Amino acid sequence: MWQMLWPVLLVVGANIIYHISAKSTPGNIDLFASLTLTYLIAGVVSLLMFFLTSGQKNLVQEFTKANWATYLLGIVLVLLEVGWIYMYRVGWKISVASVVANIGLACTLLFVGVLFYKEVLTIRQLSG
């Protein structure tokens with residue numbers, strides 16, 4: 001049970017901190033300068049975590065295992081950050097923005113799951 005629960009708790013907890021941080025990003029800083037600093041810090045933390053948790057200490061060898069998804073994820077992460085920060089800068093309330101965006105995301109991912117991953121959508125799921 002814990003194996004299934006802890007990742008959800010991590011995502012929820014990290015998202016709370018994420019949205020507070022995104023909403024608190026100063027409006028007078030250039031968005032991309034802020035994101036550059038954000039990703040430099042993320043890069044350092046990721047590098048430290050690699051060396052602390054990996055039995056494999058050859059970072060370059062690990063890089064060779066990446067496929068298109070790794071590169072696309074990097075681009076998409078920047079787009080997500082830009083979208084969220086702009087949502088907050090134009091006046092979305094923190095209590096409403098994530099609800100609206102996540103409902104739209106959940107509805108869209110239903111179709112993605114069915115069309116691209118052949119997931120089965122039941123009446124019970126649709127009623128939820």
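Mentor: Happy to. One term before we start: a residue is called buried under 20% relative accessible area, exposed over 50%, and partly exposed in between. Keep in mind that this is a predicted model.

Trainee: Okay, so is Phe51 buried, exposed or partly exposed?

Mentor: Phe51 has a relative accessible area of 39%, so it is partly exposed. Phe50, on the other hand, is buried at 15%.

Trainee: How many aromatic pairs turn up in the whole structure?

Mentor: Two. In one of them, the rings of Phe50 and Phe51 have centres 5.0 Å apart, and because their planes are at 75 degrees, the pair is edge-to-face.

Trainee: And how are the rings of Trp84 and Tyr88 arranged?

Mentor: Those two are stacked, since their planes are at 25 degrees, with ring centres 6.1 Å apart. Trp84 and Tyr88 sit four residues apart in helix α4, so about one helical turn separates them. Both are buried.

Trainee: Switching to helices: at what angle do α2 and α4 pack?

Mentor: About 130 degrees, with the axes of α2 (residues 31-53) and α4 (residues 68-89) 11 Å apart. The two helices are therefore oblique to each other, and α2 passes α4 in a right-handed crossing.

Trainee: Which residues meet there?

Mentor: From α2, Leu31, Phe32, Leu35 and Tyr39. They meet Leu77, Val78, Glu81, Val82, Ile85, Tyr86 and Arg89 in α4. By class, that contact has nine nonpolar, no polar and two charged residues.

Notes. Residues numbered from 1 in each chain as written. Predicted model: local features only at pLDDT ≥ 70, side-chain atom pairs only at ≥ 80, totals over all residues. Heavy atoms only, no water. Axes fitted to C-alpha atoms, helices over the stretch in contact; angles between N-to-C directions. Parallel < 35°, antiparallel > 145°, perpendicular 65-115°, else oblique. Left-handed = near helix turned anticlockwise from the far one by under 90°. Contact = heavy atoms within 4.5 Å. Nonpolar A, V, L, I, M, F, W, Y, C, P; charged D, E, K, R; others polar. Phe/Tyr/Trp six-rings, centres within 6.5 Å; stacked < 30°, edge-to-face > 60°. Buried < 20%, exposed > 50% of the residue type's maximum accessible area, 1.4 Å probe, protein only.
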